[in-house]
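Trainee: Could we go through this one together? I'd like to start with the ligand and then move on to the aromatic residues.
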Amino acid sequence: MKTFEELGVAANIRKAIEEMGYENPMPVQEEVIPYLLGDITDVIALAQTGTGKTAAFGLPVLQKIEIKENVPQALILCPTRELCLQIAGDLSDYSKYIDNLRVLPVYGGSSIESQIKSLKRGVQIIVATPGRLIDLINRKTVDLTNVKYVVLDEADEMLNMGFTESIDEILSKVPESRQMLLFSATMPKEIAKITKKYMQKPKEITIGKKNEGTSTVKHVYYMVHARDKYLALKRIADYYPNIYGIIFCRTRRETQEIADKLIQDGYNADSLHGDLSQAQRDYVMQKFRVRNLQLLVATDVAARGLDVDSLTHVINYGLPDDIESYTHRSGRTGRAGKTGTSISIVHVKEKGKVREIEKIINKKFEQGGIPSGEAICEKQLFNLVDRIEKVKVNEDEISNLLPSVYRKLDWLEKEDIIKRVVALEFNRLIDYYRDAQEIESPSDRSSRDDKSYPRRKDRERSDRSSGGRTAERGYSRLFINVGRTDNVNPATLMGLVNDYVPEKVSIGRIDIMQNFSFFEVPERDAQKVIKSMSKQEQNGRRLSVEIAQGGSGGGSGKDRGGDKGRKNFSTRSDIGTRRSSDYNSPKHSDKSKGRGGKGRKPKYS
Ligand code: AMP
């Protein structure tokens, strides 16, 4: 392994990075730095985030800047404002001992005037998000004609975010003689197009295999029924008491829901998604960075700007649609030489996707078994014991208090004290898991011999066959495959109708059952509701809406005739039943709004 000195890094830069704790170059630095310091023109580097790429391009670029020329000489493009700030901050740290070197971060969402002022004063390096840079180009406040070095960082992300045209436009303003460096975690076709168009005989450097996940990441999947995904998530979080991770969800709505549920269940969690204001996002990210938050529930897009090195876990609450997103998600753990685990909570139908991902990342997933209640309690207990052993005791500060504490506990034996400390921490967890049903894996349904609980299917059957009810006159009674187990209540059910049916629909009677529900809508709207809601997702579970037996109320009964796959279900009338008129109170509207995200008003009349 070479040293930074042997790679040609100048002494004033070495001094700064040594102070930052960089003793030896990371592999990407060892590969890239000599090329950029030498004469080779363009470089494509396939490297995951967290591999040390900022220094790989940053150190040589800093070294090549002509300090006396007070004009932009290097341009670094990146996808998000957070990454932009991070890169600019790193460059400032690396150039601590280079006098008069100015780096300017240029990004949307902050005052353009102050950025213009700084440009007028003169900068040598611009780190920019494409949108804001175009804005500055259009205002003729930035001159790129002296740019000699262009870096496209996280190029695949920039393309994913739709910046292709902006990049084209920006590059057309930069002299063709520039040296160009492109970093990407993956190599989709679109990147190949860019490299062909803009780079001259680029040197291709791959850190790890092409499109391979970082080798320090272990990939594990847990197979559960879709309805058990949330319970499985809680168990995983409980099983790793020191977890510090991001839970990726597919939609903003799901993100908010999962975060809300986790918070309600006592977890140190919060959400990050595009419905939050920039200030709210900054606040949550900061809390997470400083580890005041253990679990961040996020969408892919919102989590992009977050750069944290020490995540223990990334949890995929369902697999993402495209494999590149998986690579990006899992690449957020196992960084900077640490190990990490990428957990995927998947349902049976996603098994094929797991195999596809394995092929691309060239690594096998392990299949995890959802931890039993007993295993979780044991793990938590040993974690507590470990904390007791390792806690730093500030003798001086508590010495005054200790004598009276000793006196008070004098009548207890050491073993009794230990038992009580454990009970203090554990009673809630033990109570919860004592009563909790173990989560059944789809693959071991037949082998399960737990007689203490009726199988979920059996319970469901008995629910479905109890009692009978027909719809009100002029209304159709619809069956939907989510119920109390899915945390559905009348408000959430109305929220779902509201979200997925494009037009206003009035909702009549609602019956929430354990694993499914019924609700009534005017006959004329029934097919529209069925069509709009079926195949949508609620907490990763695909919705199925159909007309229930006896589904039409006293009126024409036309729904009954046209109802192919109708279920022979009827409802028990004693649980969860309310009439629509119950829902008109303001209190209820608030509840509905709170659960499903912002500004959702019930459409019922
Ligand atoms: P990056 O991929 O540039 O975001 O870097 C990932 C992390 O590794 C950052 O926290 C860097 O500060 C750190 N890092 C980069 N290069 C080195 C090095 N040579 N030695 C130790 N840490 C490094």
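This is a predicted model: local features need pLDDT of at least 70, side-chain atom pairs count only at pLDDT 80 or more; totals for chains, interfaces and linings use all residues.

Trainee: Which residues come nearest to the ligand?
Mentor: There are 14 residues around the ligand, and those that come nearest are Tyr22, Gln29, Gly52, Thr54 and Asp309.

Trainee: And how does the shell divide into nonpolar, polar and charged?
Mentor: The shell around the ligand has 5 nonpolar, 6 polar and 3 charged residues.

Trainee: What lies 2.6 Å from an oxygen atom of the ligand?
Mentor: That is a polar side-chain atom of Tyr22. The backbone takes part as well: a polar backbone atom of Gly52 is 2.8 Å from an oxygen atom of the ligand, and a polar backbone atom of Asn24 is 2.8 Å from a nitrogen atom of the ligand.

Trainee: How much of the ligand's accessible area does the protein cover?
Mentor: On its own the ligand has 490 Å² of accessible area, and the protein covers 81% of that.

Trainee: Why does the ligand lie between domain 1 and domain 2?
Mentor: The ligand lies between them because domain 1, residues 4-206, and domain 2, residues 217-373, both give residues to the shell around it.

Trainee: Switching topic, how many aromatic pairs does the structure hold?
Mentor: The structure holds 9 aromatic pairs. One of them is formed by Tyr326 and Phe365, which are tilted, with 5.6 Å centre to centre and 40° between the planes.

Trainee: Where in the chain do Tyr326 and Phe365 sit?
Mentor: Tyr326 is in helix H15 (residues 323-330), whereas Phe365 is in the loop between helix H16 (351-361) and strand E14 (366-368), so the pair, 39 residues apart, links distant parts of the chain.

Trainee: Buried or exposed, for Tyr326 and for Phe365?
Mentor: Tyr326 counts as buried because its relative accessibility is 0%, and Phe365 counts as buried because its value is 8%, with the cut-off for buried being under 20%.

Trainee: What about Phe479 and Phe516, how are they arranged?
Mentor: Phe479 and Phe516 also form a tilted aromatic pair, at 5.5 Å centre to centre and 45° between the planes. The pair links distant parts of the chain, with Phe479 in strand E15 (residues 475-480) and Phe516, 37 residues apart from it, in the loop between strand E16 (510-512) and strand E17 (517-522). Both Phe479 and Phe516 are buried.

Trainee: Going back to Tyr326 and Phe365, which residue forms one aromatic cluster with them?
Mentor: That residue is Tyr221, which forms one aromatic cluster with Tyr326 and Phe365.

Terms used: Residues are numbered from 1 along each chain as its sequence is written. Side-chain values use heavy atoms; hydrogens and water are left out. A residue is near a molecule or strand if one of its heavy atoms lies within 4 Å of it. A polar contact is a pair of N or O atoms within 3.5 Å; within protein, one must be able to donate a hydrogen and the other to accept it, and residues adjacent in sequence count only if both atoms are side-chain atoms. Accessible areas come from the Shrake-Rupley method with a 1.4 Å probe; for residues, only the protein chains shown count as cover. Ala, Val, Leu, Ile, Met, Phe, Trp, Tyr, Cys and Pro count as nonpolar, Asp, Glu, Lys and Arg as charged, and the others, Gly among them, as polar. Domain bounds come from an automatic or database domain assignment. Rings of Phe, Tyr and Trp (its six-membered ring) pair if their centres lie within 6.5 Å; planes under 30 degrees apart count as stacked, over 60 as edge-to-face and the rest as tilted. Helices (H or I, at least four residues) and strands (E, at least two) are DSSP runs, numbered from the N terminus. Buried means under 20% relative accessible area, exposed over 50%, partly exposed in between (1.4 Å probe, protein chains only).
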